[in-house]
Amino acid sequence: ANLEIVARVVQSNTTIENVAKVTSDIHDPEPENNYAIVAITVPPAADLAINKTAKKAVNLGENVTFTISVKNHGPDNATNVTVEDKLPEGLEFVEAKATQGTYDNTTGIWTIGELTANTTANLEIVARVVQSNTTIENVAKVTSDTHDPEPENNYAIVAITVPPAADLAINKTAKKAVNLGENVTFTISVKNHGPDNATNVTVEDKLPEGLEFVEAKATQGTYDNTTGIWTIGELTANTTANLEIVARVVQSNTTIENVAKVTSD
């Protein structure tokens with residue numbers, strides 16, 4: 001006759017002996033084989049849980065800090081604990097600080113070592129965003145030589161959104177010396193150095209006192225001489241828009257400064 005008993009192991013780092021004894025109403029001439037003992041060895045176990053946080057939206061060129069925490073919920077100490085967290089494309093390593101162990105930014109390995117039960121190790125990774133108009137996912141995974149009874153919490157993922165970016169550069173030229181009553185032409189150029197298209201691009205260039213508007217010509221958009229706003233609209237990456245403003249000098253014996261400023265969404 002056979003019996004199978006299924007049991008869940010609820011204690012770690014121990015040896016458990018299970019004894020069985022058979023008896024009967026009938027005389028047994030060899031009672032020495034009426035006992036059976038099985039010993040099972042249960043190694044240490046440690047439930048390692050990893051968590052990761054970061055700012056959800058970061059602009060191109062800014063730094064973002066990833067905070068990673070690893071907690072050992074026990075019941076035993078965990079040995080040779082490591083976290084794999086290699087920065088993905090779009091991020092450039094700046095610095096890292098750990099409360100325990102060391103982080104190698106080349107391999108992306110955070111070597112924690114032994115993590116005692118019910119304690120937490122923390123790591124901060126600072127990275128610069130070098131890619132725009134994208135979503136960057138950063139994954140961290142913790143492992144150990146010690147058995148983990150709940151491996152589902154050994155992964156942590158953070159996604160950061162990087163909006164489009166466009167480096168707009170403005171340049172302005174004009175004749176340096178002009179007589180009273182003469183016309184002067186201001187040439188304004190706006191270049192989008194990218195990497196992305198720029199939307200709702202406007203230039204504020206209101207003529208100062210001492211100048212009287214004559215005419216304006218733009219290669220893109222329109223110029224309103226009353227408000228001084230040149231509405232360019234969308235300016236694609238690596239393209240240039242130009243504006244010429246012709247004004248008459250109506251003030252003498254003075255220096256006239258004309259300022260232009262470009263903005264975009």
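User: How many aromatic pairs does a search of the whole structure find?

Analyst: The search finds two aromatic pairs. One of them joins Phe-93 and Tyr-103, with 6.1 Å from centre to centre and 35° between the planes. This pair links distant parts of the chain, since Phe-93 belongs to strand E6 (residues 91-98) and Tyr-103 to strand E7, 10 residues apart. The model is a predicted one, in which local features need pLDDT of at least 70 and side-chain atom pairs count only at pLDDT 80 or more, while totals for chains, interfaces and linings use all residues. Residues are numbered from 1 along each chain as its sequence is written, and side-chain values use heavy atoms, leaving out hydrogens and water.

User: Why is the pair of Phe-93 and Tyr-103 called tilted?

Analyst: Rings of Phe, Tyr and Trp (its six-membered ring) pair if their centres lie within 6.5 Å; planes under 30 degrees apart count as stacked, over 60 as edge-to-face and the rest as tilted. The centres of Phe-93 and Tyr-103 are 6.1 Å apart, so the rings pair, and their angle of 35° therefore makes the pair tilted.

User: What makes Tyr-103 buried or exposed?

Analyst: A residue is buried under 20% relative accessible area, exposed over 50%, and partly exposed in between (1.4 Å probe, protein chains only). Tyr-103 has a relative accessible area of 15%, so Tyr-103 is buried.

User: What makes Phe-213 and Tyr-223 an aromatic pair?

Analyst: The rings of Phe-213 and Tyr-223 are 6.1 Å apart, centre to centre, with 35° between the planes, and the pair is tilted. Phe-213 lies in strand E15 (residues 211-218) and Tyr-223 in strand E16 (residues 222-224), so the pair ties together parts that are 10 residues apart in sequence. Phe-213, at 28% relative accessibility, is partly exposed, whereas Tyr-223, at 15%, is buried.

User: Why is the contact of Glu-92 and Arg-128 called a salt bridge?

Analyst: A salt bridge is a side-chain nitrogen of Lys or Arg within 4 Å of a carboxyl oxygen of Asp or Glu. Glu-92 lies in strand E6 and Arg-128 in strand E9 (residues 120-129), so the pair ties together parts that are 36 residues apart in sequence. Glu-92 is partly exposed at 39%, as is Arg-128 at 31%.

User: How many salt bridges does the structure hold?

Analyst: The structure holds four salt bridges. Among them is the bridge between Lys-172 and Asp-205, whose closest N and O atoms are 2.8 Å apart. Lys-172 is in strand E12 (residues 166-173) and Asp-205 in the loop between strand E14 (198-204) and E15, 33 residues apart. Lys-172 is partly exposed, with a relative accessible area of 23%, but Asp-205 is buried, with 1%. Another salt bridge is formed by the side chains of Glu-212 and Arg-248, at 3.2 Å from N to O. Glu-212 lies in strand E15 and Arg-248 in strand E18 (residues 240-249), so this pair ties together parts that are 36 residues apart in sequence.

User: How do you know that E3 and strand E4 pair?

Analyst: Two strands pair if DSSP finds at least two bridges between them; a strand is itself a DSSP run (E, at least two residues), numbered from the N terminus. Seven bridges join E3 to strand E4 (residues 63-75), so the two strands pair, and they run antiparallel. Ala-46, for example, has Pro-75 in E4 as its bridge partner.

User: What makes E3 and E6 the edge strands of their sheet?

Analyst: Four strands form an open, antiparallel sheet in the order E3-E4-E9-E6. Strand E3 (46-53) and E6 each pair on one side only, and they are the edge strands.

User: In what order do the five strands of the other open sheet lie?

Analyst: The order is E7-E8-E5-E10-E11, with antiparallel pairing. The edge strands, each pairing on one side only, are strand E7 (102-104) and strand E11 (155-162). Within this sheet, strand E5 (residues 78-84) and strand E8 (residues 109-115) pair over five bridges, and Val-83 stands opposite Trp-110 in E8.
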